[in-house]
Amino acid sequence: MLNHYRFRYGFDISPATVIGKGLYLGHFGGVVISPYAVLGANINIAQGVTIGATSRGERVGSPTLEDRVWVGANAILVGKITIGREALIAPGAYVNFDVPAYSVVLGNPGKTISHTGSAGYVNRVLEDKP
């Protein structure tokens with residue numbers, strides 16, 4: 001049944017993936033997320049994004065995205081990396097390195113270009129109730 005819906009809707013997200021509350025998939029299709037990835041709360045992911053594992057090299061494993069990360073269209077995050085809280089990964093970026101909190105990463109290969117983060121970009125935030 002999972003394969004049926006994966007092909008029908010264009011999202012390949014395993015039930016084994018750890019996902020925090022408030023995941024927002026902004027547009028239809030082409031999203032692939034490793035079953036070993038860890039997504040924090042209030043993550044925004046655009047179309048065409050791959051969050052994938054590597055099976056060789058020094059970063060064997062899958063990405064961890066901390067809270068309030070915004071990932072632009074066609075970005076690729078790969079390997080055992082950590083994307084810090086409120087980081088922004090620009091459309092088309094290729095990221096295979098740790099990204100500090102509040103960073104903005106642009107390009108292929110990705111480069112940190114500022115530390116203004118994802119403020120104002122993250123949609124549909126679910127806040128913790130006191």
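**Contacts, sheet and salt bridges**

Author: Not counting residues up to four places away in sequence, Leu25 touches Phe11, Ile13 and Ile45; contact means heavy atoms within 4.5 Å. This is a predicted model, where local features need pLDDT of at least 70, side-chain atom pairs count only at pLDDT 80 or more, and totals for chains, interfaces and linings use all residues. Residues are numbered from 1 along each chain as its sequence is written, and side-chain values use heavy atoms, with hydrogens and water left out.

Reader: In which strand is Leu25 found?

Author: Leu25 counts as partly exposed, at 30% relative accessibility (buried is under 20% relative accessible area, exposed over 50%, partly exposed in between, with a 1.4 Å probe and protein chains only). Strands are DSSP runs of E, at least two residues, numbered from the N terminus. Leu25 belongs to β3.

Reader: Which strands stand at the edges of the open sheet?

Author: The sheet has 6 strands in the order β3-β6-β9-β12-β14-β15, with mixed pairing. Two strands pair if DSSP finds at least two bridges between them. Two of the strands have a single partner each, so one side of each is left without a neighbour in the sheet. They are β3 (24-25) and β15 (111-114).

Reader: Which residues of the largest nonpolar core touch the most other members?

Author: A nonpolar core is a set of buried Ala, Val, Leu, Ile, Met, Phe, Trp, Tyr and Cys residues joined through side-chain atoms within 4.5 Å. The largest one has 22 residues. Touching the most other members are Leu65, Leu77, Ile83, Ile89 and Val95.

Reader: How many residues apart in sequence are the parts that Arg59 and Asp98 tie together?

Author: The side chains of Arg59 and Asp98 meet in a salt bridge at 3.5 Å, N to O (a side-chain nitrogen of Lys or Arg within 4 Å of a carboxyl oxygen of Asp or Glu). Arg59 lies in the loop between β7 (50-52) and β8 (64-65), and Asp98 in the loop between β13 (94-95) and β14 (104-106). So the pair ties together parts whose separation in sequence is 39 residues.

Reader: Is Glu86 buried or exposed?

Author: Glu86 is linked with Asp67 and Arg85 in a network of salt bridges. The side chains of Arg85 and Glu86 meet at 3.6 Å, N to O. At 16% relative accessibility, Glu86 counts as buried.

Definitions and conventions
Helix = DSSP H or I, 4+ residues; strand = E, 2+ residues; numbered from the N terminus.
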